[in-house]
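Subject: Structure handover

Hello,

Here is the structure I promised to pass on. Please open it first, then read my notes below.

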Amino acid sequence: PFAVIGEATEELHLSLEDSHFGNKPIDMPLDVLLGKTPKMTRDVVTQQTQGTALQRDGITLVDAVNRVLHLPAVAEKTFLITIGDRSVTGMVARDQMVGPWQIPVATCAVTTASLDSYHGEAFALGERSPVALLDFAASGRLAVGEALTNLAATHIGSLKRVKLSANWMSAAGHPGEDAGLYAAVKAVGEELCPALGITIPVGKDSMSMKTRWQEGSEQREMTSPLSLVITAFARVEDVRRTVTPQLQADQDNLLLLIDL
């Protein structure tokens, strides 16, 4: 079945006629819709943030562990994983849970391309939002670096096979945030990724990461720092050649610190 909804002509004008009401709810030049949208101009000022050195005096080991584990980037997220089936399709080669105690510390997700193949796909995430409080551009570069180093846990071959998705979140209009967003986009999209030979074909943005509310007679607001969530995706030559952070007690282990 099909329906004829209109007629395409050479005239660069979009018109929708309503025969019931006898009007045109849509009647506009195509330039407005496709080509000549109004340009937005933002007058922004770059703000330099001066961080202070970490004061560790008086912080016990218990306090330090408690503070670190409260960070969303570090905190336990089992509740997000165990609410659904993590092995659906039967082609999940590497899920989130690792080791005999099933701790969600896998660095990347790996699936097979079919039920009778060892070829597959892998993807990993990277984000360093807290760093944006001090350096917007560094936060973006670290997000890309984390996603790529996480993806290194499986056999992807050439780095040029990696494709990225960028999810930008910013409090547009908040002092310093617009200029910071520009700095981060420039650092990632015009400098780092071209230097690595990696493309970002897809992504999205949320530009309203600020909320205001009234509490009694007091006006309050909450602003989120610039956040870039990078998803790295690549084909996998052999899903069996995937490693995890689990240390083997009966083998020699080597721990590498990559200072990003």
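Start with the contacts. Of the contacts in the protein with a separation of 6 or more, 62% join residues 24 or more positions apart. Contact here means heavy atoms within 4.5 Å.

A word on the source. This is a predicted model, in which local features need pLDDT of at least 70, side-chain atom pairs count only at pLDDT 80 or more, and totals for chains, interfaces and linings use all residues. Residues are numbered from 1 along each chain as its sequence is written, and side-chain values use heavy atoms, with hydrogens and water left out.

**Overall picture**

The protein has five helices and 12 strands. Both are DSSP runs, numbered from the N terminus: helices are H or I with at least four residues, strands are E with at least two.

The radius of gyration is 24 Å, while a compact globule of 260 residues would have one near 18 Å. That radius is taken over C-alpha atoms, and the globule rule is 2.2 Å times the number of residues to the power 0.38. Along the principal axes, the C-alpha atoms fill a box of roughly 80 × 60 × 40 Å.

Buried residues make up 24% of the 260 residues. Buried means under 20% relative accessible area, exposed means over 50%, and partly exposed lies in between (1.4 Å probe, protein chains only). The protein exposes about 18700 Å², and carbon and sulfur atoms supply 58% of that area. Areas come from the Shrake-Rupley method with a 1.4 Å probe; for residues, only the protein chains shown count as cover.

Now the charges. There are 22 positive and 31 negative ones, and their mean positions are 5 Å apart. Lys and Arg count as positive, Asp and Glu as negative; His and the chain ends are not counted. Each charge is placed at NZ of Lys, CZ of Arg, CG of Asp or CD of Glu.

Thr89 is not a glycine, yet its phi is positive, at about 85°. Thr89 sits in the loop between helix H3 (78-81) and strand E3 (92-94). Thr89 is exposed, with a relative accessible area of 54%.

Gln102 is not a glycine either, and its phi is positive at about 50°. Its loop runs between strand E4 (97-98) and strand E5 (103-104). Gln102 is partly exposed, at 33% relative accessibility.

**Around strand E3**

Arg94 is in strand E3. Is Arg94 buried or exposed? Arg94 is buried, with a relative accessible area of 17%. Its side chain reaches the backbone oxygen of Met97 at 2.4 Å. That is a polar contact: a pair of N or O atoms within 3.5 Å; within protein, one must be able to donate a hydrogen and the other to accept it, and residues adjacent in sequence count only if both atoms are side-chain atoms.

Leaving out residues up to four places away in sequence, Arg94 touches Ala106, Cys108, Ala109, Val110, Thr242 and Thr244.

Asp95 lies in the loop between E3 and E4. Its side chain reaches the backbone nitrogen of Met97 at 2.8 Å. Apart from neighbours within four places in sequence, Asp95 is in contact with Arg86 and Ala106. The C-alpha atoms of Asp95 and Cys108 are 8.0 Å apart, and the two residues are 13 apart along the chain.

Thr112 belongs to strand E6 (residues 109-112). Thr112 is buried, at 13% relative accessible area. Its side chain reaches the backbone oxygen of Ser114 at 3.0 Å. Beyond four places in sequence, the residues that Thr112 touches include Met91, Ala93, His119 and Val239.

Ala124 is in strand E7 (residues 120-126). Ala124 is buried, with a relative accessible area of 2%. Which residues does Ala124 touch, not counting those up to four places away in sequence? They are Thr107, Cys108, Ala147, Asn150, Leu151, Ile230, Thr231 and Ala232. Ala124 and Ala234 are 110 residues apart along the chain, with their C-alpha atoms separated by 9.3 Å.

Best wishes
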